[in-house]
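Student: Please take a close look at one part of this structure for me, beginning with the overall layout and then following the packing and contacts of that part residue by residue.

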Amino acid sequence: KTYKELHYLSITHQFALEKLLAKADLPKAAKVDIQYLRLLWERINDTIVWQMFCQQRYLIKRLCMRQPRRPLAACNPSNVISVLKQINSDPCKIAVWTDATGIVDIGDILCRDYKTGEVLFLEVKDGEVNDDILRTLKTSACPWTVQDFLNRRGKKGGEQMMRVIKQMKLN
């Protein structure tokens, strides 16, 4: 339970620090200090991930693709936190928001089930376009259903579909 509470505490601090960093009137030295504190909270989440993988470096290296981090507020926080709380209500599971770490670049949520030993990388999709993408891919990935989707959603919808497919392949 302690790791779960620490993860939620870390997320809360990261949000607060990112909010401070967004203020334009802060001196440069203050921004450096705030960014340092944010990175410390991020490292706490990294430590939790290391523990989830029993400190096996070869596994951790597979999770890190050195992707740049976006602010947590831009990463679907309400839906992700809702799913985190649902998973973490099970005492045999732990879930970590991957965007709140510095070492996991796969999925939105990393989940470990200690009862089965299973590790899952979950995508939390939200919005009408993502619902349409998932419905299209579940129906079938036949060229005419994909073309129908592209006709309705255009280039941006097609780019989003490619991102979803890429994420599904990584998982």
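Tutor: The protein has six helices and three strands, where helices (H or I, at least four residues) and strands (E, at least two) are DSSP runs numbered from the N terminus. Read along the sequence, these elements follow the pattern α-α-α-α-β-β-β-α-α. This is a predicted model, in which local features need pLDDT of at least 70 and side-chain atom pairs count only at pLDDT 80 or more, while totals for chains, interfaces and linings use all residues. Residues are numbered from 1 along each chain as its sequence is written, and side-chain values use heavy atoms, with hydrogens and water left out.

The C-alpha trace spans about 55 × 50 × 30 Å along its principal axes. Of the 171 residues, 35% count as buried, a term that stands for under 20% relative accessible area, with exposed meaning over 50% and partly exposed lying in between (1.4 Å probe, protein chains only). Among contacts between residues at least 6 apart in sequence, 58% join residues at least 24 apart; contact here means heavy atoms within 4.5 Å.

Two packed helices are described by the angle between their axes and the distance between the axes. The axes are lines fitted to C-alpha atoms, for helices over the stretch in contact, and the angles run from 0 to 180 degrees between N-to-C directions.

Helix 1 and helix 2 pack at an angle of about 155°, with their axes 9 Å apart, and are therefore roughly antiparallel to each other. On this scale angles under 35 degrees count as roughly parallel, over 145 as roughly antiparallel, 65 to 115 as roughly perpendicular and the rest as oblique. By class, the residues of the contact of helix 1 with helix 2 divide into eleven nonpolar, seven polar and four charged, with Ala, Val, Leu, Ile, Met, Phe, Trp, Tyr, Cys and Pro counted as nonpolar, Asp, Glu, Lys and Arg as charged, and the others, Gly among them, as polar.

Helix 1 also packs with helix 4, at an angle of about 170° and with the axes 11 Å apart, which makes helix 1 roughly antiparallel to helix 4. Here Lys4, His7, Tyr8, Ile11 and Phe15 in helix 1 meet Pro77, Ile81, Leu84, Lys85 and Asn88 in helix 4. That contact of helix 1 with helix 4 has six nonpolar, two polar and two charged residues.

Asn88, in helix 4, is buried because its relative accessible area is 9%. Leaving aside its neighbours within four places in sequence, Asn88 is in contact with Lys4, Tyr8, Lys93, Ile94 and Ala95.

The rings of Phe, Tyr and Trp (its six-membered ring) pair if their centres lie within 6.5 Å, planes under 30 degrees apart counting as stacked, over 60 as edge-to-face and the rest as tilted. By this rule the count comes to one aromatic pair: Phe15 and Trp97 are tilted, with 6.1 Å centre to centre and 45° between the planes. Phe15 is partly exposed, since its relative accessible area is 25%, while Trp97 is buried at 0%.

Most residues other than glycine have a negative phi, and most peptide bonds are trans. Asn76, in the loop between helix 3 and helix 4 (77-88), has a positive phi of about 60° although it is not a glycine, and counts as partly exposed because its relative accessibility is 21%. Gln55, in the loop between helix 2 (28-52) and helix 3 (57-63), likewise has a positive phi of about 60° without being a glycine.
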